[in-house]
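Let's take a walk through a protein model together, one feature at a time. Have the sequence and the 3D view ready, and look up each residue as we come to it.

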Amino acid sequence: MIDFFNANQVLVQATLSGLVLALSIQVPLRMGVFSFAGAGSYGLGGYAAALLVIHLNLNALEAIGLTIVITAFVGLLLGLVISRLNGLYLAMATVAFDLIISVVAINGGTFTGESTGLYGVIVDFTTTTMFIMTVVAVLLVALSERGRTGRRTQAVRDDQQLAASAGVNVRRYRLMAFVVGGALGGLGGAMNVMVRTTIGPLDIGFGLVVLALTMIIVGGTMSWKGAVLGAIIFTWLPHFLDFIGQWQTLVYGVIVALAAIFLPRGIHGVIVDIIRWVQRRRRGTLDKPAPDPSGDPEPEQLLPPSGTSSISPSAPQQPIRGSVARSLLARGAKS
């Protein structure tokens, strides 16, 4: 197993950074906020971390921590400006934010490296550290889906007016979606540049939005588990499709299209449905009547009326199981 991870270390790192990127968009969507600003925060975080290391000589953890603060603050400012938008208008505004980051990176002169990007981000940052930071981020997102926060988040997503009438501060939660999405995007971009030691305009932009949406839509949008599944599948899928050569892109697109059509709730949604179906089957089995303690497989019988029977003719006939019925009938025949 260790040899496998060592041989595929680049793919492991791409999976971890892709997972955090997917979470940066999945969290706002789970709150009912159609924001794709996490992709722009990913690019901003990558450039910010690289500049902090190159110009201020910060170590990896210091650069990543400061980057998270910067991208979270930018997310807050963005939320204050456009949080009143909804639906398609909000999505278009956040996509514009992503494109602005790309334009600034290309036209930033020597500060951003223009079209060639920044190189030489050499720090002591291992895949193990990257894995630990990703696990911490996933755990925090998972906790936000539980308890009172999870219930309020669901209420804001399903019906904002009803949530507000129940005392939920809808605006606060919408702003929180931008802040959390910005922080996660900045974390993903910073970790990516730390392990790759370089970043350029081709590494950011609208392509990140498509990648993240593919991961969470096919994996499942309503839970962090869907983001995990999507990140693993769509990071490793191109690697396993190498054997088909030039048809790789076509097959990849067909798989994504089929998954989107036949798995509208994502892979995680299908798994949840299967688990619930199995649980219902088990409960149905437990609700069935217990077998006859005597072990007699004969069906229940009604005691036939008899003039010598001790049972009153006016009394309703009760079902009596096989062995008991035979003994009573034998006594009636002898009499």
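A residue is called buried when its relative accessible area is under 20%, exposed when that value is over 50%, and partly exposed in between, using a 1.4 Å probe and counting protein chains only. Arg-157 is partly exposed, because its relative accessibility is 26%. Before going further, please note that this is a predicted model, where local features need pLDDT of at least 70, side-chain atom pairs count only at pLDDT 80 or more, and totals for chains, interfaces and linings use all residues. Residues are numbered from 1 along each chain as its sequence is written, and side-chain values use heavy atoms, with hydrogens and water left out.

Asp-158 counts as exposed because its relative accessible area is 53%. Another links the side chains of Arg-196 and Asp-203, at 3.4 Å from N to O. Here Arg-196 is partly exposed at 39%, and Asp-203 is partly exposed at 25%. Arg-265 and Asp-273 form a salt bridge too, their closest N and O atoms being 2.7 Å apart.

Now turn to the pockets. On a 1 Å grid over the protein atoms alone, a pocket is an open set of points with protein on both sides within 12 Å along at least five of seven lines, and its lining residues have an atom within 4 Å of a point. Points are joined across faces, edges and corners, and the volume is the space filled by probe spheres set on them. The largest pocket has a volume of about 610 Å³. Its lining has 23 residues, and Arg-30, Glu-145, Met-222, Ser-223 and His-268 lie nearest the centre. The elements that give two or more residues to this lining are α7 (147-158), α10 (206-219), α11 (224-240) and α13 (266-286). Such names refer to DSSP runs numbered from the N terminus: helices (H or I) have at least four residues and strands (E) at least two.

Which helix gives the most to the lining of the largest pocket? It is α7, with 5 residues. Let's look at His-268 as well, which lies in helix α13. His-268 is buried, because its relative accessible area is 17%. His-268 and Val-218 are 50 residues apart in sequence, yet their C-alpha atoms are 8.5 Å apart in space.

Our last stop is the backbone. Most residues other than glycine have a negative phi. Asn-57, however, has a positive phi, near 55°. This residue is in the loop between α3 (37-56) and α4 (60-82), and Asn-57 is exposed because its relative accessible area is 64%. Thr-197 also has a positive phi, near 65°. You will find Thr-197 in the loop between α9 (170-196) and β2 (198-199), where Thr-197 is partly exposed at 28%.

Conventions:
On a 1 Å grid over the protein atoms alone, a cavity is a set of points where a 1.4 Å probe fits but cannot get out, and a pocket is an open set with protein on both sides within 12 Å along at least five of seven lines; lining residues have an atom within 4 Å of a point. A salt bridge is a side-chain nitrogen of Lys or Arg within 4 Å of a carboxyl oxygen of Asp or Glu.
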